[in-house]
Amino acid sequence: MDKITHLIKLSVGTESVEGLQAWQDMRRKELPEGLPRHVTRMWPRRESEILAGGSIYWVIKGVIQCRQRILRLDEVIGEDGIKRCAIILDPDVIRTANAQRRPFQGWRYLSPADAPPDLSGSTKQEDTLPPELAGALAEIGVI
């Protein structure tokens, strides 16, 4: 079995997990399969590890707050004729424990050992701190 790796990406301009979901839902109406996607210039070299069960972890307001399972990687060609990678995502957004991350460009690989755990059904209601508060608490090491 292949080793699994994840991706981590900033969700620029997103204020909350609900905002990410709303934006994806709006965009999905325009796509043939109705699956959310994120288009990026670079193709992941560790494709087999990502497709072996990887997810994209979303950083919102400086804090990892959720993830989506990666279904596949598709080649797309932009209006400018440049080949790009469309990361096709499961529409289900899974909330994770909050984990602070500094800003970075593009996406990065994230090992399973460094990925925050998923929230259970009972903790989802308890761990809905405002992003600013969650970031401040993570910065001082409380969460």
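**Layout**

I began with the order of elements: from the N terminus on, the protein runs β-α-β-α-β-β-β-β-β-α-α. That comes to four helices and seven strands, where helices (H or I, at least four residues) and strands (E, at least two) are DSSP runs numbered from the N terminus.

A note to myself on the source: this is a predicted model, with local features needing pLDDT of at least 70 and side-chain atom pairs counting only at pLDDT 80 or more, while totals for chains, interfaces and linings use all residues. Residues are numbered from 1 along each chain as its sequence is written, and side-chain values use heavy atoms, with hydrogens and water left out.

**Whole-chain totals**

I looked up burial next, and 41% of the 143 residues count as buried (under 20% relative accessible area, with exposed over 50% and partly exposed in between; 1.4 Å probe, protein chains only). For contacts (heavy atoms within 4.5 Å), I took residues at least 6 apart in sequence, and 70% of those contacts join residues at least 24 apart.

**Helix α1**

Then I turned to α1, residues 17-28. Its 12 residues reach 16 Å from first C-alpha to last, close to the 16 Å expected at 1.5 Å a residue (the expected span is 1.5 Å times one less than the number of residues). Which residues of α1 are buried? I found Val17, Leu20 and Gln24. They share one side of α1, because they cover an arc of only 60 degrees around the axis, taken from the directions from the helix axis to the C-beta atoms. The buried residues of α1 pack against β3 (55-60), β4 (63-77), β5 (83-89) and β6 (94-100).

**Cores**

I moved on to nonpolar cores, meaning sets of buried Ala, Val, Leu, Ile, Met, Phe, Trp, Tyr and Cys residues joined through side-chain atoms within 4.5 Å. The largest has 15 residues, and Leu7, Trp58, Cys66, Ile70 and Ile87 have the most contacts inside it. To this core α1, β3, β4 and β5 each supply at least two residues. Apart from it lies another core, of nine residues, including Leu10, Tyr57, Val59 and Leu110.

I also listed what Trp58 touches, leaving out residues up to four places away in sequence: among them are Leu20, Gln24, His38, Cys66 and Leu89.

**Cysteines**

How many disulfides are there? I counted zero, a disulfide being a pair of cysteine sulfur atoms within 2.5 Å. Cys66 counts as buried, at 0% relative accessibility, and Cys85 counts as buried at 0% relative accessibility.
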